[in-house]
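Biologist: I would like to learn how to read a model like this one. Could you take me through it feature by feature?

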Amino acid sequence: MGLSKSNPPNAQVKLLVSPTGRMPWSWISWFTIAGGSVLLVAVILSGAKLIVDPYSPNWLKQVFPSLTTSFEAPPQTIDEIQAELRSQNLTTASPLAWPNPTKPTAWFYPLLDDDQAIRELWVYRVRGQQLQRMDQVTIRPMRESFVTTPLVGTAAQVTSIDSDANVSSVSLIPGVSTTVPWLLLEGQRRYGNTVMRYGQILSYQTSAHRLHQVLKWSSPVEQPLQWYRDQTASLFVIDQTVGLRPNFLVHQLVPNDPPQLKELSVYRSAYDTELETSLYTKALQLAQGAVWSHSLQMMESAKVALAERWLPEAEFQLRLIRFHALQTKAQTEQTWSNQQQHIWTYLIDGQWEDALARLESHPEIYQSILNHLEKDFEPLWRQVTIHLQVHPKDSAAQIWGALLVTARQTSEAGADWLKERPHTQKTLERLQAVGQSQISVADVLPPQAPKATVAVEEVSAGTGRYLSLVGEATAVAAVGDGWLRSQTLPTPVPGQTWYHIQIHQLQDPSGWQTPLRGTTAANFWAESLSLRRQLQLFKGNQPIGSLAIHGVKENGTQLTLLGIGPKVEGLPLLTTVGNDWQWMALLPWRWLPTPNLSTTISSSNGSDNVNHQEVAQSSSEALMLEALGNHLALTPEQTMQLFSHLLYASRDLVGDSAEEHLFSIGNDVPQELNLTSGKTLILSSTGDLLYSDVNQTQSLLGFTSKSPNQSAVLLIQDASRYQLIGL
């Protein structure tokens with residue numbers, strides 16, 4: 001059979017070829033593309049889920065086992081957790097469930113040592129029917145010197161050995177937050193008739209599943225720690241009252257992530273401008289002298305006067321003052337077994353007239369009151385002198401000041417002290433009457449500053465209570481007037497000049513404080529003999545030379561010294577006691593190599609050929625690396641790049657038996673990291689940021705050594721200003 005011309009042999013082939021000569025898309029091609037796209041999306045979604053939740057069921061981990069990182073703890077059943085604890089000979093207290101045992105989202109396991117003290121907290125999040133350990137925090141013992149701090153300067157003060165004080169219980173703090181759990185660690189220790197409660201407060205960061213230490217606390221009051229919440233704020237109150245003189249530490253809850261506690265203080269003005277004559281400034285000054293009720297009255301009046309200019313920080317200061325004033329006022333309204341106790345409550349509350357009137361009605365207790373004044377001299381002296389700075393003509397407060405000098409010295413010295421105040425004849429006669437004619441008011445003298453100096457100087461024994469100061473020295477051509485001085489002023493020799501030194505901070509045995517705490521010019525001069533002989537000038541952290549102090553004066557709330565020192569041109573110089581500081585420039589800095597994290601990973605994968613000391617070191621480096629990256633907002637690659645450009649030193653700055661990590665950015669830091677050389681960061685042993693001046697104008701000059709009762713204090717320079725901050 002022949003072939004038809006209309007149907008050539010290659011006709012079917014031609015039907016499968018497009019007019020352009022290309023093969024058309026078949027359904028197989030489209031299926032292949034669609035399947036590949038689905039697979040790609042599945043890989044991306046599964047990979048993202050693996051990053052966010054590495055222990056959820058995920059087919060990628062079976063195909064690629066190496067994707068599971070070595071530092072993650074696998075989910076466990078409760079039986080598996082108990083078996084793990086038994087295998088390591090670990091004992092736990094009853095675990096805590098949050099928010100409740102019926103529907104928990106997190107569990108906290110307290111691990112105990114042989115003395116039943118809490119040594120660790122293991123943190124688990126709930127994963128269906130299993131628990132996954134997300135964090136484990138070491139709980140270090142507290143120092144006994146910190147525990148007994150509220151007793152210092154009171155009749156209950158003890159001579160303590162700086163030993164460990166363990167915490168033995170942990171509980172959830174109710175009523176703080178409905179979204180964030182807070183844990184209270186607590187221990188107790190008895191000193192004579194006083195039982196001290198102490199411990200730590202930790203917050204749980206739900207976003208990162210980590211515990212953070214927020215506050216260490218100590219209290220001689222046998223009642224639970226108090227939270228006060230309203231529509232505007234949450235306040236945490238630690239009652240450190242010993243005897244009748246109230247002492248509350250109040251912290252404001254700052255809802256950061258993680259949340260923080262900010263201590264409220266009456267030693268910082270809420271306003272940038274100096275309001276020397278304002279009610280607010282006077283109220284703050286009275287609070288610094290512990291004249292609580294009168295301070296509360298003035299602060300409430302200031303709130304009305306400032307109206308829309310009233311700041312939230314000022315409101316918190318008002319609350320702090322109210323906590324104290326309510327207690328001091330309530331004590332005056334109680335029924336007391338003897339008149340001496342009632343007079344004492346009036347004095348603590350700053351009700352000078354009521355206290356004096358009651359003493360005038362009971363002259364038989366005059367000597368016992370003098371004895372009590374002598375025992376409690378320091379806090380009362382601060383109260384009286386601060387009150388007289390605000391109200392210099394208050395005759396009742398003047399008389400109590402004279403009685404304090406009498407109690408510490410003689411009745412003649414008390415009368416002389418009063419004569420130097422802007423007094424009246426009636427005030428002198430009233431002092432004589434209350435002293436049952438033991439105080440002579442004859443030969444009333446006009447005010448003479450030297451006599452005031454002698455009277456107050458004799459009140460203070462030894463070389464004085466002040467140990468150091470931080471101030472700014474400015475060179476001046478003329479001395480000026482108004483100085484309280486010890487002798488005729490000398491003439492500076494060539495190469496020397498006069499300096500006016502403004503005092504910003506003073507240090508006494510209780511710590512650093514502003515000079516507003518009852519420190520008059522005469523009082524400071526009498527109690528600073530040793531300090532005045534040690535003062536030096538510094539330009540930054542470079543010593544310039546010694547200062548010879550020849551006078552002091554007060555101007556409102558400012559204390560200024562008059563001194564002679566080496567002549568240096570330029571900005572105000574730092575004035576302090578040089579031996580008090582560990583200068584940043586003199587620390588034993590060393591360069592850090594890029595961390596070798598492979599050692600940690602090998603150990604976690606079960607390698608036997610691992611140096612455990614290297615593992616511990618690399619684990620610490622990994623923690624610091626992660627913390628630095630988080631605090632500086634750097635990517636992991638940028639952080640690794642930065643690490644070899646960091647200078648490193650370590651010091652115990654907070655007294656937690658672990659060294660803090662100090663990092664200084666080197667001069668050769670890469671420009672693309674946008675970091676300034678010479679800036680400093682301080683991290684805790686757990687990676688928490690304690691201090692940073694990165695992206696700030698200030699810089700860290702040095703710090704004090706940690707004392708038994710206090711953490712180190714940092715000395716900061718900002719332009720020509722110097723200030724102290726605590727850790």
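Modeller: Let us start with a term: contact means heavy atoms within 4.5 Å. Leaving aside neighbours within four places in sequence, Glu315 is in contact with Lys303 and Trp310. This is a predicted model, where local features need pLDDT of at least 70 and side-chain atom pairs count only at pLDDT 80 or more, while totals for chains, interfaces and linings use all residues. Residues are numbered from 1 along each chain as its sequence is written, and side-chain values use heavy atoms, with hydrogens and water left out.

Biologist: Which side chain makes a polar contact with that of Glu315?

Modeller: A polar contact is a pair of N or O atoms within 3.5 Å; within protein, one must be able to donate a hydrogen and the other to accept it, and residues adjacent in sequence count only if both atoms are side-chain atoms. Here the side chains of Glu315 and Lys303 are joined by a polar contact of 3.0 Å.

Biologist: Is Glu315 buried or exposed?

Modeller: Buried means under 20% relative accessible area, exposed over 50%, and partly exposed in between (1.4 Å probe, protein chains only). With a relative accessible area of 18%, Glu315 is buried. Across the 727 residues of the chain, 47% count as buried.

Biologist: In which helix is Glu315 placed?

Modeller: Helices (H or I, at least four residues) and strands (E, at least two) are DSSP runs, numbered from the N terminus. Glu315 has its place in helix α8. The chain has 21 helices and 33 strands.

Biologist: How do I read a sheet?

Modeller: Strands of a sheet pair through backbone hydrogen bonds, either parallel or antiparallel. For counting, two strands pair if DSSP finds at least two bridges between them. Take the open sheet of 4 strands in the order β12-β13-β14-β15, where the pairing is antiparallel. At its edges stand β12 (226-229) and β15 (260-263), each with a single partner strand, so one side of each is left without a neighbour in the sheet.

Biologist: What is the average twist from one strand to the next?

Modeller: The twist averages 30 degrees. For such angles, axes are lines fitted to C-alpha atoms, for helices over the stretch in contact, and angles run from 0 to 180 degrees between N-to-C directions. Helix α8 (residues 312-332) packs on this sheet and touches β12, β13 and β14 (248-254); the direction of α8 makes about 150 degrees with that of β14. As for the pairing itself, β12 and β13 (residues 234-239) run antiparallel and are joined by 4 bridges, with Tyr228 opposite Leu235 in β13.

Biologist: And how would I spot a hairpin?

Modeller: Look at β20 and β21, which form a hairpin with 2 residues between them. Gly540 in the turn has a positive phi of about 65 degrees. The strands β20 (residues 536-539) and β21 (residues 542-546) run antiparallel, joined by 4 bridges, and Lys539 stands opposite Gln542 in β21. Strand β20 is also joined by 3 bridges to β24 (residues 573-576), again antiparallel; there Gln536 stands opposite Thr576.

Biologist: How does a helix come to have a buried side?

Modeller: An α-helix has 3.6 residues a turn, so residues three or four places apart point the same way. In helix α4 (residues 78-87), the buried residues are Ile81, Glu84 and Leu85. They cover an arc of only 100 degrees around the axis, which puts them on the same side of α4; the arc is that of the directions from the helix axis to the C-beta atoms. These buried residues pack against β1 (91-92), β3 (106-112), β4 (118-127) and β5 (130-138). The face turned away from the buried side carries the exposed residues Asp79, Arg86 and Ser87.

Biologist: Which backbone angles deserve a look?

Modeller: Just after α4, Asn89 takes a positive phi of about 55 degrees. Ala307 has a positive phi of about 50 degrees although it is not a glycine; Ala307 is in the loop between α7 (292-306) and α8 and is partly exposed, at 40% relative accessible area. For a peptide bond, see Trp98 and Pro99, which are joined in cis with omega about 5 degrees. Pro99 has its place in the loop between β2 (96-98) and β3.
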